[in-house]
Amino acid sequence: MTHDLLILSTLLYICCLGVVVSGVQKFIETPPTYKEVLPGQNALLPCRVKDKSGDCFWLKDGIIIANESGKYEWLSDRRGDCSLLIKNATLEFDDNFWVCQVAPSNHKLQDAIVSLPARLLVIVEPGPPILKYEGGKPLNAVLPLKEKQETLISCSSNDGNPAAYIKWYIGNEEREPLVKQKNMSVTNKPKTWDVNSLLRLYGQRENHGMLLRCVAEHQASSSHSYVESRLNIQYSPEVQIESNLQPLTIAPEDSENFLSLKCLADANPAANIKWFKDSILLDLSTDATISLLTYNSTQSNGRSRQTSEMLFKPVRIQHGGMYSCKAYNVIGESASASYRLDVQYKPRLKIAEDPNSALNVVDTVQVGITVEPFECPEFDANPPAQYRWIHPRGKSTGFAKNKGQTKSSSRRLRLERITWSDQGEYRCVAYNTINGVIKETYSERRYTLHVTGPPEIQETSPNHVSIGWIGERAHRLKSRVCSQPPPKLVTWEWGSNQIRAGEHIHPKYEALPLEPVIESGMMSNCYSAQLDVKDLQKEDARMYTLTVRSDNGEDSTRIKLEVRDSSETRIIGVAVMVTLLLMLTLISIGVWALLRWRRRRYRQESEEDGSIAADALYNNGDRQKSINSVTHAKTFARKPNMDSEQNTYDYTHTVKQIRSMSPEALKVRRAPVVLQSPTIV
């Protein structure tokens, strides 16, 4: 308020005097309206007047200052200069408003002039900022604060001129103060200022470990002074579970994988971690395959974290279940984090086989009907087991579900329209897929199926045709026969001849006795009927009829015997070889003719373009001779001229180039050469 009144009174004084209206004197340079100086330094207030006639005066706060050597000196060494040099500036005497005034030339002219007030500020660096909280308690290097707790922090900087400007930071982020900072004049130190700023702080866990910083900015120093305190936010734990196995890429398998489950607790102060399985506190003393490790780690933001790691070495079926962990500290407890451990394993019998029960299951069925003779034992597996049946001849059978079938019946073998080929031994296989690999388990039970029915002759050769060669010592016609009960009569017939199994017509034909067919080490209800035709000739080619009879019926089939001459086969082979050789010869001639034509065409194009053909000028023999030939081709022969008695070049003896140009040189077209007689001086 005092400064404002001083400025107003000075302006009124200028108006009353009527300064610089029509006077001769006028300012060339006036002191700046604001100027800063450090204590002990000199300050120059410029004031220069054109056509100066009156005396110079300086006023400080409206009071005239006398010329005092060593303190206030006028620079009057040249006319018109009223500048003031203030030496060894101090806050007490020199921090004020200064005015340059020139008296009028005479009382009639009234040309006195007065400058605007110049504020000379003597800078005084304030003291370091001070942090306080909870109504005035000094704040040390660490500020303890509970989560969601609110407190008021004050920062003050004293005895500065001008007043310092305070900024707040949490980490690297600037925070707004609660209200605008308060600047107060110091009573016992005039012209200095105390400042105070307030910050409302909330306890937030994300701010734990960060620095609370109060910065006092002031003109006295380019490096601002500051005070800081580290936030110690106390909060209840938060937990999460991490696994070394990614659920979408690999599944834990029984006795195959090592598994690590980590319970990570973020808490301050440190928390105590507990594990649960299926909501029951986990007791690890009873399982030697599980070990527990506890340690602390530091996060990327500098905050500490507690870790409890449970190691399964290896993971077993009994380890499967819902695992959860919780953390506790003095602030509170965390919500639980859960992890479902789904241990996958290959199929295994759900109920162990009774060692006293029979492991072989036998059933007999009629040919042509549909049955479900066997059921596989139930297997326990994760993922759930699927089933298939393996036939003794390697035939794999899936399940054909009928309408109304339940899921459990998928273990049952279903055979529709039984044939003789369905008889034999069956094995049941339970399987599932773990991490892309099929896991199989075979049932120990063996299932044997017997088929009964009338005789049936099964085809053993394509289209009932058998091929033999003239002169073959013995050619055998054979066919597979199935019947239960066994056949009573088996005959071979051709023309007017008939022969039973086990008989022969000497020396040409012999019907061998029926031979039982053994499959997978088991006797089946099928037999092999065979007829040997000895010393095979062309006239043996005909139709042969096989007839089989039993108590339940009979069946017959016709087998055609074709007799071929091996010489005909050799002739056909020779013809094929000759044809292939002829085709290869024609292809070679065609390729040779094509290459020859392309070569001739290239020569013609080279001659038409004025270029030199490569095969005409390039000798693939001795390249060194070609190079020497080129060198000699550039040599000119000299002979004496009888008329002028001087030596001249005889171009008639120019040696032509020999066949020695390289393929690269042949790519360049020859330029025309103009020959003229040399000038001899």
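A charge sits over a ring if NZ of Lys or CZ of Arg is within 6 Å of the ring centre and within 35 degrees of the ring normal.

This is a predicted model, where local features need pLDDT of at least 70, side-chain atom pairs count only at pLDDT 80 or more, and totals for chains, interfaces and linings use all residues. Residues are numbered from 1 along each chain as its sequence is written, and side-chain values use heavy atoms, with hydrogens and water left out.

**View 1. Charges over rings: lysine 274 and arginine 119.** Here the charged end of lysine 274 sits over tyrosine 328, 5.3 Å from the ring's centre. Arginine 119 does likewise with phenylalanine 97, its charged end 5.5 Å from the centre of that ring.

**View 2. A tilted pair: phenylalanine 379 and tyrosine 387.** A search of the whole structure turns up 8 aromatic pairs (Phe, Tyr or Trp rings, using the six-membered ring of Trp, with centres within 6.5 Å; planes under 30 degrees apart are stacked, over 60 edge-to-face, the rest tilted). In this one, the centres are 6.2 Å apart and the planes make 55 degrees.

**View 3. Another tilted pair: tryptophan 494 and tyrosine 544.** Their ring centres are 5.5 Å apart with planes at 45 degrees, so this pair counts as tilted. Tryptophan 494 is in strand E39 (residues 489-494) and tyrosine 544 in strand E44 (residues 543-550), so the pair ties together parts 50 residues apart in sequence. Strands are DSSP runs of at least two residues, numbered from the N terminus. Tryptophan 494 is buried at 3% relative accessible area, and tyrosine 544 is buried at 0%.

Methods
Helix = DSSP H or I, 4+ residues; strand = E, 2+ residues; numbered from the N terminus. Buried < 20%, exposed > 50% of the residue type's maximum accessible area, 1.4 Å probe, protein only.
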